[in-house]
Structures are given as structure tokens and as C-alpha cells.
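Please look over the sequence and the structure first.

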Amino acid sequence: MHIIDLLAAAAPAAPQNKFGFAEALEQGGFIAYATVVILGIMSFGSFYILFTKWFEQSKILRQGREVRASFWKAPTLKDGAAKLDKNSAWRQIVDDGLQAEEEATKLKDSTEAHDWLHGSLARSEASINARLASGLPFLATVGATSPFIGLFGTVVGIYRALINIGIAGSASIDKVAGPVGEALIMTALGLLVAVPAVLAYNYLQARNKSIGEQLTGFSTDVLANIASGGAVRPATIVAPAKAAPAAAAKPAAAPTKP
């Protein structure tokens, strides 16, 4: 046992890492901590907007599939609207269209009445698109500014490294490793926050474009239905009826002898 203890005492101790993430923040001081906190808030906000908007868009797309499947099978728009969720975007367009139809009867000019109906549906559609686009400017801002925030931390870290070199009079690795490591960490954090924000912005924008096209088509169908008094409606896809199983073939009767 004494020999093992002597060997363990004689073995060189493992070197300690003095240039880790926590050490870099301690060396950077207030500026490093403030940069990390700001980037952390940006990253949390980006992922929060991504998931909340994704769920909101998925709900509208699911409701759109239900509209195409069952809405136009109803005899009137009111009956079809009763089948939709009260807080859905599709229900809002139908309700605004019906309300605009009632108000259009107060206009004496039929052309003005049609323009009023068309404008009301356009405003309803625009309000839905605006609600879907909320939060996306934050993603765009994060994607555009977070690399520069990280670059600010990089500049400060390089500045501290130059100060250490000037004080020591030589560019030894132990004097510049900490500040340079801090600078590289800030650069990496800025990119780590910016890239997901840009990808999320483009992804959500593409889905909003698809939803906007569907809302425009539905709004046009509602307008045509109201203007025609219910005569014009899009064709509904009817599921093909299942073919009845073929009856078992009966054996042919034997020919009778003359």
C-alpha cells in the first residue's frame, strides 16, 4: 500500500482547464455576461414563436381540410358555418361575409353593394394574415442582429487580448488564450442564435403563404356564393362508393336433353 501511495504521489497531476466557457465569462466580466443573456433571450423568443406559430398554422390547415370535406355540402352558408369552430379563420370569413351581405342591402347601387361585399371579405382575410404574421418580425430581427451582438463580444475579447499583450510585453499563449477563447465563443453564440431564427422565419413564411392562398380561394368562393344567391358553389369531391362484392357465380345448369 505504501508503494502505491508513493507512486500516486509521484504521478503528475492532470492539468486543469482554465479556458472553459465559465472561465471565459468570468474574464469577460459584465460585457460577456450581458452578451450571453441577450443572446439567450433572443434564442428563447425565437423557439417560442416557432412552436406557437407552428401549432397555430397546423390548426388552420387542419380546419381547412375539414372545410373542403364538409362545408360546401351544407345547403346554406349559415348551416355550413354552424359546423365550423367559432374561433377559426374560416368561420370568421363566412361570418364577415354574411354580415356584409346584410349591410349591402342598405346600399342603393348594386355595384357599390358588390364592392362593399368584396372589400369586407378582403379586410377579413387581411386581418387573418396579419395575425398569422405576428411574431415573424422578431425572428427576422434576431436573425439579422444576433451575429452582430456576438461580434460585439468578439471585438471586446480581442481588445482584452491586445491589452494583455501590451502589459506583458509578449504575445505568450497564456496571456491571450483566455480573451481569444472568449471572442470565439461569442462569435459562435451569435451564429447559433441567428441560424435557427432565419430557418424558422423562412419556414413559417412559406406556410403562411400556403394558408393565405387557401384563404383567398375560400373567400372568393364565399363571395361567388353570396352574389349568386347560393347558386354558385365549388364542386365537392365525393368519395367513390365501395363496389358491392360480386355474388358467387352459380354453376351453369346442365343442358336438357331433347
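## Packing of helix 4 and helix 5

In this predicted model, the axes of helix 4 (residues 89-104) and helix 5 (residues 110-133) come within 9 Å and cross at roughly 155 degrees. Helix 4 is therefore roughly antiparallel to helix 5, a term for angles over 145 degrees. Axes are lines fitted to C-alpha atoms over the stretch in contact, with angles running from 0 to 180 degrees between N-to-C directions. Helices are DSSP runs (H or I, at least four residues), numbered from the N terminus. The crossing of helix 4 and helix 5 is right-handed, that is, the near helix is turned clockwise from the far one by less than a right angle.

Contact means heavy atoms within 4.5 Å.

## Serine 124

Serine 124 is found in helix 5. It counts as buried because its relative accessibility is 3%, and buried means under 20% relative accessible area (1.4 Å probe, protein chains only). Apart from neighbours within four places in sequence, serine 124 is in contact with Gln92, Ile93 and Asp96.

## Aromatic pairs

Rings of Phe, Tyr and Trp (its six-membered ring) pair if their centres lie within 6.5 Å, and planes over 60 degrees apart count as edge-to-face. By this rule there are five aromatic pairs. One of them joins phenylalanine 71 and tryptophan 72, edge-to-face, at 4.9 Å centre to centre with 85 degrees between the planes. Phenylalanine 71 is buried at 2% relative accessibility, and tryptophan 72 is buried with a relative accessible area of 8%.

Tryptophan 90 and phenylalanine 218 also form an edge-to-face pair, 5.4 Å centre to centre and with 85 degrees between the planes. This pair links distant parts of the chain: tryptophan 90 lies in helix 4 and phenylalanine 218 in helix 7 (residues 173-227), 128 residues apart. Both tryptophan 90 and phenylalanine 218 are buried. Ring pairs link Phe71, Trp72, Trp90 and Phe218 into a cluster.

## Notes on the model

Residues are numbered from 1 along each chain as its sequence is written, and side-chain values use heavy atoms, leaving out hydrogens and water. Local features need pLDDT of at least 70 and side-chain atom pairs count only at pLDDT 80 or more, while totals for chains, interfaces and linings use all residues.

Note on methods. Helices (H or I, at least four residues) and strands (E, at least two) are DSSP runs, numbered from the N terminus. Angles under 35 degrees count as roughly parallel, over 145 as roughly antiparallel, 65 to 115 as roughly perpendicular and the rest as oblique. Rings of Phe, Tyr and Trp (its six-membered ring) pair if their centres lie within 6.5 Å; planes under 30 degrees apart count as stacked, over 60 as edge-to-face and the rest as tilted. Buried means under 20% relative accessible area, exposed over 50%, partly exposed in between (1.4 Å probe, protein chains only).
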